[in-house]
Each structure stands twice: as structure tokens, then as C-alpha cells.
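Subject: Structure for you to look at

Dear colleague,

I am handing over the structure we spoke about. Please read the notes below it with the model open.

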Amino acid sequence: MSSAAASSPRPIIYLGLDVHKESITIAVLPEAASAPTRVERLPNDAVKLRRFCDRLAAQGELHACYEASGAGYVVHRALREWGYACDVIAPSLIPIRPGVQRKHDKYDAAQLARLYRAGELTAVRIPTAAEERVRDVVRCRETFQREILKSRHYILKFLARRGFVYRDSTAWGAKHLQWLRALAAVRSPLATEDALVFREYFALLEYKITRREELDRQIAVIALAPPWATAVGWLQCFRGLQLHSAMVLATEIVDWRRFARPTQLMAYLGLVPREASSGERERKGSITKAGNHQCRHVLVQAAWSYRHPAQVSPHLKNRQAGQPPSIIAHAWKAQHRLHKLYQHLAYRKRPQIAAVAVARELVGFLWAVMQELPVTPAATVGAAA
């Protein structure tokens, strides 16, 4: 064998993986082939997947990809551990042919391989295992918050069907809860069967609230840990972003520097408007909602606080204590700018539209601040992945 042949690069073999809970459909596309040479369905088993990849690696260098889904990053981490390149693809950014009306696993795998080879796919950032675990704790707390809302609906709708409607003050305030506990007491005005149902609903609500409070305590402890303390502290300097909101943003975004411009982060969070412009006609619609919905939710909720004039409440002052003066000054500047924006838009449009616009502008202020965040080893590893 000549030295030129020995030093020639190995051919690249692109793998499109359609990953499901029980199976993985793999399309094998060599770099010089016009179509996949093999499309096989394997059990979702690490041993069999590695055996398949090892046999295929004898023919060239493997570059694999699959869509981000409920399958998580198990396959990605396994392939990386075995020495094979692998990317996880953003599903919402995969090009789609409007004329193709059939969709199945083999087609999806083949399309992933073709588009991956053409460079038309966008890879997502892979969190480290530690980052993913903390993110799931925060998401678990959000799950309990949704469950509490469901339980409240169960209670109110059940009581309304029995003619018990509370109108004396705000729902779920102190007086309302006192009224509900009276209905759950031994001498309840409800019928025996109705009292049984109501007590079960009310006990379920109290259990969910107890578990959420326990998660809040655990998240508060995690927020003080070195990987998160600085980011969470800086984010809480902004009006409307308390501990939980800051933890959502910190754990979902993690590496703010991967967005070169604030508009990229706005698009990632789904806060930019849809557009269908052509020629001289410019048409923009509602926001895309195509990005991270957890972050978008807390940002829109925070945006409502900017409908009030700029001020530093005692709670905000406590959150800003000990933080860098430059961050506090930036947050104060954001208060003035965003309040002015809200007042300007709310006068002309619906308040909901104004709040979304304020949330989008708030992202720009947060992006500028978080560019100064010290790079941690975990963030570096995650960005490289």
C-alpha cells in the first residue's frame, strides 16, 4: 500500500436515526451515495446498537444524528462514549417538503441522513448529565404547579354543580381557604356523599401544595450551589424574576454565549413574530411560540410587572443585595425602558400584546448581562457537546 493511500481520509458514513422507546430505525448513507444503501430497524438496545455501529465503522467514519424527543440524550451519550460523532437535531427546524404527504420511520431516518449530509439540520445544545438532572428538578416543580391548578378546577367545578359558589372575596385567598376548610369539616353543609368527594379533592390539593413547597426548598438549596449561584443571583436583580423564574432561565438556557445576538435568543424562546412577506407586501403575525415554552412562560409573567412605574420594592432590594453594581444599574435601566414600552404599546394595542413585546425586550437586557457570566467547566463541556 502506498503512503498516499495510507494517509487518505476515511470516507464518512452518515446515519439517520429515528429513535423510539422500543426501536431505532437507521438509514445508512455513504458520502458518495445518492440514496441510503441500508435502512434497518433495530431494538432500542445499547448492545445491539453498538454491535451494528462497530461493524459499520470498519467501512468509514460514522456521523450520526436523530431528532430531539422524549428519548432524551441516552443514544447521543452512548455513541459519544463509543467514539462516534452524533448530533441531536431540533425537530422544528427540519426542512419539510410540502408535497410529501406520507410519513413513516424509514422515510424519517432516510431524510435525516440526507439533510444531515447536506448540512441543512440544526443541532441542539446537549446538557451535561448534572445540568439535565437539575433542570428536571425545576421542571418537576412546574408539573406540580400545573397539577395544583387542575385540583383547584376540580374543587370549584364540583362545588358549582352543588350550588356552592364563593363570592365574598378573591378566590384562593385566606378567606376563601377558610370557607373551603369549613366545607371539609365534620359538620359540613354538603350532603354525606358530596362531603366525601370534596374532602378527597381538597386533600389532594393540599398534598400537591405540600410537595411543591418541599420542591421549592430543595430548589432554593440548589440555587446556592456554585454552578448556578451567580447566574441566578444576576437574573433575580431584574424586576419580575424571582428565585423560581431565575432557576428556569438558568437551567433551560445554561450557556447564554451560544447566542451571538439577542435576536437569536428571542427566536429560540419563540418570542419573535411570524412573517409572510413577499415583494412590497410585509405581513407579520403573532409570535412563533416555536422555542422553549418554559422560559417563554416565566418571561411573559415577569413582563407584567413592568406595567408599573420603575421602583425598587423591599423584595427586589433584598434580591439585589450583594450583587455587582453594574448588574443592578442594568436592571434599573431595564425598568425605565420596559415600563415606557409597555405604556406606549398598551395605549394602542391589547395589554397581552404589550406584555409579550416587553418580554421580548427583556430578553435583550438579560442577554447583555449574561454575556459577562463567568464560564464554568460544566458549561464549557456542554457547549462543546
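A pocket, as the word is used here, is an open set of grid points where a 1.4 Å probe fits, with protein on both sides within 12 Å along at least five of seven lines. The model is predicted.

The largest pocket

The space in the largest pocket comes to about 950 Å³. Its lining is made up of 31 residues, and those closest to the centre are A90, V124, Y268, G291 and N292. Four helices each supply at least two residues of this lining: α5 (129-161), α9 (243-253), α10 (262-268) and α11 (293-303). Sorted by class, the lining has 14 nonpolar, 11 polar and six charged residues.

The chain as a whole

The protein chain has 385 residues, of which 41% count as buried. There are 15 helices and seven strands in the chain. The C-alpha trace spans about 90 × 55 × 50 Å along its principal axes.

Strand β4 and its neighbours

Which strands does β4 pair with? One is β1 (residues 12-19), which pairs with β4 in the parallel sense over six bridges. Within that pairing, L17 has Y66 of β4 as its bridge partner. Another is β5 (residues 85-89), also parallel to β4, with five bridges. Here C65 has D87 of β5 as its bridge partner.

Strand β4 covers residues 61-67, and five of its seven residues are buried, so the strand is largely enclosed by the rest of the structure. Together with helix α3 (residues 74-81) and β5, strand β4 makes a β-α-β unit that is right-handed.

One further point concerns E67 and A109. Their C-alpha atoms are separated by 9.6 Å, although the two residues are 42 apart along the chain. A109 belongs to helix α4 (residues 105-118). With a relative accessible area of 0%, A109 is buried, the cut-off being under 20%.

Aromatic pairs

How many aromatic pairs does the structure hold? There are seven. In one of them, F158 and Y201, the ring centres are 6.0 Å apart and the planes stand at 65°, so the pair is edge-to-face. F158 lies in helix α5 and Y201 in helix α7 (residues 192-223), so this pair ties together parts that are 43 residues apart in sequence. F158 counts as buried at 3% relative accessibility, whereas Y201 is partly exposed at 27% relative accessible area.

Another pair is Y166 and W179: the ring centres are 5.2 Å apart and the planes are at 40°, so this pair is tilted. Y166 sits in the loop between α5 and α6 (174-184) and W179 in helix α6, so the parts tied together are 13 residues apart in sequence. Y166 counts as buried, with 17% relative accessibility, while W179 is partly exposed, with a relative accessible area of 23%.

F158 and Y201 also belong to an aromatic cluster, which they form with Y154.

Regards

How values were computed
Residues are numbered from 1 along each chain as its sequence is written. This is a predicted model: local features need pLDDT of at least 70, side-chain atom pairs count only at pLDDT 80 or more; totals for chains, interfaces and linings use all residues. Side-chain values use heavy atoms; hydrogens and water are left out. Buried means under 20% relative accessible area, exposed over 50%, partly exposed in between (1.4 Å probe, protein chains only). Two strands pair if DSSP finds at least two bridges between them. A crossover is right-handed if, with the strands pointing away from the viewer, the path from the first strand over the helix to the second runs clockwise. On a 1 Å grid over the protein atoms alone, a cavity is a set of points where a 1.4 Å probe fits but cannot get out, and a pocket is an open set with protein on both sides within 12 Å along at least five of seven lines; lining residues have an atom within 4 Å of a point. Grid points are joined across faces, edges and corners, and a volume is the space filled by probe spheres set on the points. Ala, Val, Leu, Ile, Met, Phe, Trp, Tyr, Cys and Pro count as nonpolar, Asp, Glu, Lys and Arg as charged, and the others, Gly among them, as polar. Rings of Phe, Tyr and Trp (its six-membered ring) pair if their centres lie within 6.5 Å; planes under 30 degrees apart count as stacked, over 60 as edge-to-face and the rest as tilted.
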